[in-house]
Structures are given as structure tokens and as C-alpha cells.
Amino acid sequence: MSLKKLLKPFKLLSIAKKAGVVTVLYPYQKPLITSEFRGKIVIDASKCMGCGACANVCPPNALSITETEESVILNYFVGRCIFCGMCADVCPVGAIRVSNEFELATTNIDNLNTVLVHKLKGCVDCGKPFITSRMLENVLKKVPFAEKYINECPDCRRKRFINIVSARKR
Amino acid sequence: MADSVEETKRNLEEMVNVLKKYADNIEFVERVGLIVRVKKERLREVSRFVHDILDSYFRTMAAVDERPINNTFAAYYVFGKDEMGLNIIIETHTDPLDPEIPSISDLVPAADWYELEAWDLLGIKFTGRRLYRFILPDEWPEGLYPLRKDVDYNLRPVKPLARKASKQAPAGPRIPFGPYHPALHEPEYFELFVEGEKVVDVRYNGFHVHRGIEKLAESPRFTYQKVPFLAERICGICGFVHSVSYTMSVERAAKIDVPERAEYIRSIILEVERLHSHLLWIGVACHLLGYDAGFMHSWRIREKVMVLSELLTGSRKTYGINLVGGVRKDINKDKIQAIMNTLKYIKEEFSKLVEVIAHVPQIVKRATGTGILPRDDARKLSVVGPVARGSGLNRDVRKDYPYAAYPYVSFKVPVYSEGDNLARLFVRIDEVFESINILEQLLDKIPQGPIFAEKIEVPEGVIGIGNVEAPRGEAIHVTITGKGRPYRWRVRAPTYQNIPALKIMLKDAPLADAPLTIASIDPCFSCTDRLLVIDLKTGKAVKKTMEEIIKKKKVN
């Protein structure tokens, strides 16, 4: 009985034999990732309209929107990304896709940045740039009535509205 | 069943009647508990009554700077009456200019750390005890309390010394190395005072990696839905526990009804996480005792769980599928089948491995009778998780304060009364099998339906408590809601409650047992650490890693 107990630890030999080799010779063999794995995100430049919904929802601020005089810049910095995929969930035009790419190490920090520049379209009245052309198309698709005022910048719209109201008062 | 409900009601009424003597105001808030508002002068009496006579455990304390709201500092002491599943929250306020609250750490020993933390971070003076710097680094300026609302979240008062670059730096990429070795575990620090081979006293010097997460969550760059991702990063092993705790605290405060299917999915992921964590710990315990074969095989089994969690959530760790109001990822038939297959594999392989481990002489002999935590001390310190259950306390949040889908399943809570390292090992082994059992029931019962709540509106200024039984004990989050983000978010990880118990476990024990004992509480700082051994006879300090001590078993 006690001998049987003493010999118990040797059972591990048969367990080990049965389990065999379980490690993979990565990178020579394929890594063990499943179909659901979330990796780096890919932004489709032909769909993105620069609305900034993704930057708004991004928990670590890996996606950021910078507005300059003439353009809207969407910057994706992989170094901060936590690969949660919230941006893909909220993107209204489905421009963001979560890929399963994870081999992201690099010796050049510029490789970690993806920059997307959207040129802004000018206002018909004052010429001030205010909207990306793709955003304009998208708004028109959803609200066809917007055609009447979409080419004016918010300032000019406000001015026109005030003018109309004050004209009526008189 | 009806009787017990009646009885609970009667007990509650009795309790309220007695508490009325002390309190200014008593309010029962559904899903949160009994809020007892007292003047700070009466805090000690009430605490003694609640802790000793009502026999409730101390769960957490949240100190809050409420000066912008009502011009006071507030402290919320959360006691839990396990048998009734009731939280008793003692709320007290103090003067904004000279905040002082009488200390209760002599009556409730578990409150010791909480008071020190509140003093460090909010500057609330606890009278009748010694206060010293506990969390903040030594070079932090005096009189600057980071959790106060008038301190910016991104304030950096200490200018770190610039590192000198070498004069002729060679071209090419540069890799910073240190101050901590990247391969070593998290920086936690124990000072063990020894006489020869015997440990005489223990001092803990921690919080080297205090990241100010609570303050960050209050900052304008966070919203209610961003904090779950931050909460998940509190711990590398049990991240989902914290994200569920946080979302639960907000949902309970705002009275959001989470769809049942989402609750089931949360429970499934929580149990999968427990499986991987326990398998990890059992492996580490084997490794610490020099039985590396057991370590390898335990982690071989664990790998299947990791792949499973990736399939279920999209990531091996930090799953990122939890939000206030529900979950982001549904599970389908294929995934349920995948879980079933993995469970079958784990059950088979793990029972074989356990049979071997339980008969390896070096494990059984080294774990038996070492690191004993007597039941009385465990009760006094309100320890949680396997540490409590190994010392004969029948505490499990899943049973006592039911949450998510746990009310719908039946399971046993393993309790051992020996209080030694072996008892804690057996608790965890039993829990692996219980987890498999729970998962099978959950998969069998999971209902159809939506996975996200329809309406999410969080009112301002309400308190909510979220608790989850993490693999290493109870994690509890207290959230006071604010505008768009938490006004105050108080996190308490299980290790916070368990480390003070180490002092009792290590005292008068041989030094060679210290590493296993420290690891036996499954501290959240992965597993083992660097220690400083001070020989009281010679006064010499020797720095050693735990592994060195184990190998040598002798300190010169």
C-alpha cells in the first residue's frame, strides 16, 4: 500500500508521454491564434469621412482627431492601442476593420503611426473651409433636404438666419 | 424559504431599531444596502456594534472629497453581514478645513490600511493612532493630497532627475533597461526580520506601482463607458473581475437592469478566468517548491483555457468585452461546444495531475503545517477568498452577495479548517472542479435574448457597490456617480485585505517557508518577490530573491 503511494508521482511519466510536445516553433510555425483574435485596426481611407466618432470613444486615446484651418487629421498610434475594437463598433460608415495582425514591433516609431488627412471643403459664401467632402455626401444621403444649406459654413448659416428673422420683424 | 425571508426582515428591523440610537438618519437603498449616517463622534460606538455584536466583516472604506457638493470630507465604511447578504454602510462627514475622524483601527484591525491610505491621499487625520506615509513615494511633497478635487489629475509635482546619457552614444535603437529587471515579477517589497532561521517580524513596503487609476477615472478624458477598459488593467490575472465589479457598481447605483443573457456571459467569462488563475497559481506553487514538472503540466492545461478565452472574447487576457449595461460579444452554439470540449479536457487532465501532486512528498511535507493563519485572526482581519476558506471561514461572495448569474446555479464552497498552506492549496484545487461544475450548469441554462440594456442613464450623486469573487478573494468597488463619469471610484483588490494576514502567518516560522507562505495568499503581484532579510544578531541586511532562499534554505 505504502509502496503504491510512493510510486504515485511516477505516474507523471505516462501523463507526459501522452501529452507529448505541446509547444509551437514560432515564428517558423504558425502562431496559435483563433478566429476571434483582435489585433491592429485597419482604417479604410476610401470610406473614412473624418467625423471623429472613433476618437471620441477610444479609451486610451490611440485615435485622435486634430483640426487645422484647412484639414482634419485622423491619427492612429498603435503604441497606445489596447485592441478593444470599440472604434470599429461605432464607426458610422464601417471604415474601421479589426484585423488579426499582432506582429507590430518596429525600430522606427513612425511605423506605429497611421495618418489620414481629410481636406476641408470651403463655404460658398465666405470661402472658409469647414466640412470634409465625404461627410457632406453622407449627410446629403441621409437628409436630402440639407442640400439647401449644406454648402454654407455654420457661421454663414447663422448670419443668414438672423438676417431673415430681422427682415421679417421690419 | 418564506420563513427565512420573514426572519431576515425581522432581523433587519431589530437591527435598524438598535442603530437608530446612534444614527442621525438610516436609509435602506435597494441593491446597495443599509446606509447609516452618523456624527463622527459616534463612529467608534457604531463600528464596534456593527463589527462585534452584529458580527459583520469589514469590506472596504471609501474616503471622498465632497467639498464641491456639501463642503465636507466624507468616509463610507462598508461592513458586510454575510448571512443576510446585507451591506451596512456607515457614512460620516468631517470639517473641510481640519478634517479629523476618530480611528477605528484598534476595534476593527482590518481598517488599518484604509485609514493610512485616506490620510496619504486625502489628508484626513485619523485621531488616536500613528499615521505615517504609506502609499505615496518618499519624495512627494508634504501637504499635497492627490485625491482632493482641487488637485489636477495630471499634476507632476516631483521633477524626476534627468538620466544622464552616455557621452558618445552609439547609433541605432536604444532599449532602456531597469530600474526593474523586465523578467522579474512586480516590485513589491517585504522586510523580514530574522533571528537565525526564524522570522521574528515582517514589514511590508508596497505601492511601488501605484498608478493613480482612481484619480484618472475622475479626469475629463474618461467617461462611464471608458472606465471598464481602465478597470480591466488593474490586474493582469483577474482583470475581468475588476471590470465587472466596476460596471456592477454603476449599474446598481443607476438601477440599470442588465439582460439575463449578458449576466450569464459575464459569469461564464468570470469562471473561465478563475480556472486559468487557479491553474496558474498551482503551477507557481509547484515551481516554488522545486517541483517544476508539476509547474509545466499545470500550465500546459492552463494554455487550453487561455485559447478558450481568446475564442470567447477576442483576447487571451484583458478581454475588453464588458460595458456598463451589458457585454459586447455574444456566444453561439459553436463556442458553447468549444467550452464543453475544453472543460472535458481540463477535468480529465487536471484530476490526473492532482492525484500526482497530492502524493509528491516535497509538496505535501513543505505545505503541511506551514504559514498557519488561525480562524480568530482571519476573522479579525476580515480576510477574503481562499485564505479565509482555508482558515475555516465560510465566505464566498458568489453565495453571500449573489450577483450576475450565480443565483441560478448550485455549487459548493470548499472550506478547510487547518489554516495552513496545504489547506489553501486544497481550497484552490476543489474550486477548479467547482468552476467546471458551475460552467456546465451555466452553459446548460443560458437564456436567449439581448446582451445589452436598452437605456443607460446614470443619475448624479448616488452610491453603488459592486462585488465579485475574484480567484484570490473578494474584489469590491464603490462608485459615487458624477456627471458623465464617476465622482469617486474606490477600488479594493483582494490582496489589499489579505497582505496584513501575512504578518501572522510568517511570524515565528522558518525563513525557508516564507516564500511559499507569501505566495499562498496568491498575491496580485504575480507570485514571488525580492525580499530583504535583516539578521537581528549581526544587523546585516542581505538582499535575496525568493528562489535563492529556497535553493539554499539557509541564510548566512
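This is a predicted model: local features need pLDDT of at least 70, side-chain atom pairs count only at pLDDT 80 or more; totals for chains, interfaces and linings use all residues.
## Chain A

Chain A has 6 helices and 6 strands.

Along the principal axes, the C-alpha atoms of chain A fill a box of roughly 110 × 35 × 25 Å. Of the 170 residues of this chain, 19% count as buried. Among contacts in chain A with a separation of 6 or more, 66% are between residues 24 or more positions apart.

## Chain B

Chain B contains 18 helices and 16 strands. The chain has 556 residues, and buried residues make up 47% of them. When contacts between residues at least 6 apart in sequence are considered, 68% of those in chain B join residues at least 24 apart.

## The interface between the chains

Chain A and chain B touch through 19 residues of chain A and 20 residues of chain B. On the chain B side, the elements that give two or more residues are α6 (227-231), α9 (292-313) and α10 (333-357). Helix α9(B) gives the most to this side, with 6 residues. By class, the chain B side consists of 9 nonpolar, 5 polar and 6 charged residues.

## A helix pair in chain B

Two packed helices are described by the angle between their axes and the distance between the axes. In chain B, helix α7 (residues 239-254) packs with helix α8 (residues 260-288) at an angle of about 150°, and their axes are 9 Å apart. Because angles over 145 degrees count as roughly antiparallel, α7(B) is roughly antiparallel to α8(B). The crossing of α7(B) with α8(B) is left-handed.

From α7(B), the residues that make the contact are B:F240, B:V241 and B:V244. Their counterparts in α8(B) are B:R266, B:I269, B:L270 and B:E273. The contact has 5 nonpolar and 2 charged residues, and no polar ones.

## An enclosed helix, α4(B)

Helix α4 of chain B covers residues 112-122. Of its 11 residues, 8 are buried, so α4(B) is largely enclosed by the rest of the structure. The buried residues are B:W113, B:Y114, B:E115, B:E117, B:A118, B:W119, B:D120 and B:L121.

What covers these buried residues includes the strands β3 (57-65), β4 (73-81) and β7 (125-127) of chain B, together with helix α16 (494-506) of chain B. Just after α4(B), B:G123 takes a positive phi of about 75°.

B:V387 is found in helix α13 of chain B, which covers residues 385-390. Is B:V387 buried or exposed? A residue counts as buried if 20 or more other C-beta atoms lie within 10 Å of its own. B:V387 has 30 other C-beta atoms within 10 Å, and is therefore buried.

Apart from its neighbours within four places in sequence, B:V387 is in contact with B:L373, B:R424, B:G473, B:N498, B:A501 and B:I521. B:V387 and B:V250 are 137 residues apart in sequence, and their C-alpha atoms are 28 Å apart in space.

Definitions and conventions: Residues are numbered from 1 along each chain as its sequence is written. Chains are lettered from A and ligands numbered from 1 in the order in which they are written. Helices (H or I, at least four residues) and strands (E, at least two) are DSSP runs, numbered from the N terminus. A residue is buried if 20 or more other C-beta atoms lie within 10 Å of its own, exposed if 12 or fewer, and partly exposed in between; C-beta atoms are placed from the backbone. Two residues are in contact if their C-beta atoms, placed from the backbone, lie within 7 Å. Ala, Val, Leu, Ile, Met, Phe, Trp, Tyr, Cys and Pro count as nonpolar, Asp, Glu, Lys and Arg as charged, and the others, Gly among them, as polar. Axes are lines fitted to C-alpha atoms, for helices over the stretch in contact, and angles run from 0 to 180 degrees between N-to-C directions. Angles under 35 degrees count as roughly parallel, over 145 as roughly antiparallel, 65 to 115 as roughly perpendicular and the rest as oblique. A crossing is left-handed if the near helix is turned anticlockwise from the far one by less than a right angle, and right-handed if clockwise.
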